[in-house]
Amino acid sequence: MAKIINLEVFQRFFKSGQVGGFLLLICVAISLLIANTASKESFETFLQVKLGFGMVNYSILAWINDALMAIFFLLVGLEIKRELVEGELSSLKSAALPVIAALGGMLVPALIYFLFNKNHETASGWGIPMATDIAFALAIIAMLGKSVPTSLKIFLAALAIVDDLGAILVIAIFYTNQIHFEYLAMAGGVLALLALMNYFGVKNLVFYLIPGIFLWYFIHHSGIHATIAGVLLAFTIPTNETDVLSPLEKLEHALTTPVNYLIMPVFALANTNITFQKEMISGLVSPLGLGIIIGLFAGKTIGVTFFSWLAVKLKWADLPTGAGWKHILGLGMLAGIGFTMSIFIALLSFSDELHISEAKFAILTASIISGLLGFVFLKSVKS
């Protein structure tokens with residue numbers, strides 16, 4: 001019997017992502033405005049204000065980047081698990097194309113960045129152009145309306161989800177400085193408890209979310225970036241293959257609006273604060289700038305398109321229903337919108353403030369280029 005897929009969650013996620021993309025743009029503009037006015041220092045001082053008590057006393061910026069972003073990754077993890085169980089990734093044939101396309105969209109940009117930055121002090125930023133921003137990419141493809149087939153929108157969502165999973169693994173493996181194994185062991189114990197509750201059919205979300213807070217705390221102190229806790233927690237939340245609302249879908253419903261309307265805009269507001277300087281223009285043609293811009297725009301476009309072509313040619317996968325190769329090419333351009341995830345990885349890649357600012361400016365430039373050209377190109381394609 002064919003699976004009855006609950007599409008309501010995807011529809012909510014997609015619609016909210018569209019509006020969330022506009023909010024992101026507004027917060028980006030506000031952040032850039034603040035960073036280039038007399039309010040800059042006051043805003044930076046505000047972000048360094050400590051909140052909390054005892055061992056959980058962190059700056060506002062740290063709460064945003066480590067705690068709020070963990071909630072964002074929880075939502076991403078829930079989306080990944082749901083797609084694995086009942087969506088675009090639920091069978092080998094359906095999962096093959098977005099997975100292979102996402103792989104190309106990660107490897108080619110990373111290679112381009114590496115070629116520009118090898119033997120430079122900025123070589124550690126190779127993970128920056130690997131990421132695709134789900135909110136912005138879905139917002140732009142939503143604005144295309146009926147100009148593109150619905151299957152292409154679902155394909156982009158699945159590709160971005162796999163891309164985010166890859167970015168999460170990159171952060172966990174390559175952007176972690178020191179491991180404290182005692183905290184990691186405690187995190188493992190909490191994760192085992194969560195898995196057991198799933199196994200024995202516990203459905204009440206409270207019994208997952210409270211241990212999830214401890215999981216976040218232990219991972220945060222283990223040296224691995226705390227946002228990974230969100231994904232690990234997501235994979236323990238129970239779901240099903242029917243149209244009966246599962247605990248996973250209930251949590252996804254609850255998180256979609258605050259993540260898209262609050263958490264992502266707040267992250268953009270706190271982290272896009274680029275103070276423009278004349279030197280930054282020349283920074284766009286530095287190894288760092290070129291690696292990011294060419295990696296995100298050209299690398300994503302080439303990687304997604306070529307790997308998709310290879311998968312179809314080898315009969316490992318089929319093109320989305322109603323989509324042609326021009327659609328895949330345009331979608332590859334949209335995948336070059338790295339923005340939020342790319343900035344996040346840039347913050348983990350560098351300690352030098354100049355490198356961080358140049359990386360942010362290059363990411364912003366590449367994302368604008370990718371978004372505009374991708375939109376115009378797909379708008380011109382005849383369905």
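Q: Great, how many salt bridges does the structure hold?
A: There are four salt bridges, where a salt bridge is a side-chain nitrogen of Lys or Arg within 4 Å of a carboxyl oxygen of Asp or Glu. This is a predicted model, where local features need pLDDT of at least 70 and side-chain atom pairs count only at pLDDT 80 or more, while totals for chains, interfaces and linings use all residues. Residues are numbered from 1 along each chain as its sequence is written, and side-chain values use heavy atoms, leaving out hydrogens and water.

Q: Which residue meets Arg82 at 2.5 Å?
A: That's Glu79, with 2.5 Å from N to O. Helices here are DSSP runs (H or I, at least four residues), numbered from the N terminus.

Q: Is Arg82 buried or exposed?
A: Buried, with a relative accessible area of 3%; Glu79 is buried too, at 1%. Buried means under 20% relative accessible area (1.4 Å probe, protein chains only).

Q: And what about Glu252 and Arg82, how far apart are their closest N and O atoms?
A: They are 3.0 Å apart, in another salt bridge. Glu252 belongs to helix H10 (residues 247–271) and Arg82 to helix H3, so this pair links distant parts of the chain, 170 residues apart. Glu252 and Arg82 are both buried.

Q: Switching topic: where are Asp163 and Lys300?
A: Their side chains form a salt bridge at 2.5 Å, N to O. Asp163 is in helix H6 (residues 150–174) and Lys300 in helix H12 (residues 287–313), so the pair ties together parts 137 residues apart in sequence. Both Asp163 and Lys300 are buried.

Q: Which residues join into one network?
A: Glu79, Arg82 and Glu252 do, through salt bridges that share partners.

Note on methods: Buried means under 20% relative accessible area, exposed over 50%, partly exposed in between (1.4 Å probe, protein chains only). Helices (H or I, at least four residues) and strands (E, at least two) are DSSP runs, numbered from the N terminus.
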